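Hi,

Here is the structure I promised to pass on. Have a look at it first, then read my notes below.

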Amino acid sequence: MNKNETIIMKSKPLIKESVENLKNRCSALKQEGIIPTMKVILVGDNPASLLYTRNKKKFIENLGAECEIIKLPSDLKEDDFLDHVADIVSDPSVHGCFVQLPLPKHLAHINVGELIPPYKDVDGFNKFNVMNLYQGEKGEGALIPCTPKGIVTICNYYGIEIENKNITIVGRSLIVGKPLSLLLTNHNATVSLCHSKTQNLKDHTKQADIIIMAIGSAKFLTRDYLSDSKSQAIIDVGMNQDAEGKLCGDTDFHNIKDHVSAITPVPGGIGPMTILSLAQNLLQAAEKSL
Ligand code: NDP
């Protein structure tokens, strides 16, 4: 590849390599009498949630592990929801479980991370797992949130250095921006965590070696936000629909791709990495159960 050519950080080759390793780990567990098993609790019929859970199930089952989606009605009472979750998490044959978000409005106040015990918390939202991040976890030992974990994995694969770099994250959600800021800090990056109240966002993005977009605003990041160096790497977490209804990220990919050193595409970038991380977390949880 030409030295000046932008690296398009597709997840596909990395996932292909990782799947072999995960299949082997799955077989080894089966020889010990353990079938890695995940249960996904899905309340209501939000079409995006249905699609995400089906994709996760397909990926997990392809490894030789088991994944069941427990579909519950959207008008489920809070007590019944809590009873269902309690039954699932106490089942010793289940190694990992999570509640697919978002929950319907009347259940949205529930802190789902606290319903799942830390050792089965494949989403990494339980406060014990969050505390590990606060204490310096880099992702080797504890279960950590899937999207941040996937971002570190893809950067490593494509040789995008994190240590000693200035990284600007745009978006401070509990599932992406905040845990990611801790994880990258643990990897010795210097992190700016920006949000909708950040003044002069461009000053933060222009000084960054790596920009990570996680705001949910189609094609928001344009050339105006970049430095002139063409050396910045861009990680796009966003999943939005453009004016034609096509899936697109938070970056204006075609506008900026020739002005950066590397960029993740949407689709085919961070979305599949999140699913890979989930599968890695499931196998980690099942191996720990030995
Ligand atoms: P949330 O909607 O929970 O939060 C959005 C964040 O972006 C908030 O912190 C908000 O700031 C900030 N924000 C919104 N608009 C702006 C703006 N104009 N300038 C600066 N900051 C802004 O986001 P999620 O993290 O849940 O999701 C973000 C995107 O990532 C979505 O498109 C989602 O679909 C996608 N996603 C993709 C995943 C994947 O696997 N690829 C996984 C998870 C999410 P404030 O806090 O001030 O309101």
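Let's start with a term you'll need: a salt bridge here is a side-chain nitrogen of Lys or Arg within 4 Å of a carboxyl oxygen of Asp or Glu. (Helices, H or I with at least four residues, and strands, E with at least two, are DSSP runs numbered from the N terminus.)

Before going on, some housekeeping. This is a predicted model, in which local features need pLDDT of at least 70 and side-chain atom pairs count only at pLDDT 80 or more, while totals for chains, interfaces and linings use all residues. Residues are numbered from 1 along each chain as its sequence is written, and side-chain values use heavy atoms, with hydrogens and water left out.

How open are those two partners? Buried means under 20% relative accessible area, exposed over 50%, and partly exposed in between, with a 1.4 Å probe and protein chains only. Lys127 is exposed at 59%, and Glu114 is partly exposed at 33%.

How many salt bridges does the structure hold? There are six. Another one joins Arg25 to Glu287, with the closest N and O atoms 2.8 Å apart. That pair links distant parts of the chain, 262 residues apart: Arg25 is in helix α1 (residues 12–31) and Glu287 in helix α9 (residues 270–289). Arg25 is partly exposed at 25%, and so is Glu287 at 29%.

Then there's Lys219 with Asp242, at 3.8 Å from N to O. Lys219 is in the loop between β7 (210–213) and β8 (233–236), and Asp242 in the loop between β9 (240–241) and β10 (247–248), so this pair connects parts 23 residues apart in sequence. Asp242 is buried at 14%, whereas Lys219 is partly exposed at 35%.

Next, have a look at strand β5 (residues 166–170). Four of its five residues are buried, so the strand is largely enclosed by the rest of the structure. β5 runs parallel to strand β6 (residues 190–194), joined by five bridges; strands pair if DSSP finds at least two bridges between them. Across from Thr168 you'll find Ser192 in β6.

Finally, Asp83 is in helix α3 (residues 78–89) and is partly exposed at 47% relative accessibility.

Cheers
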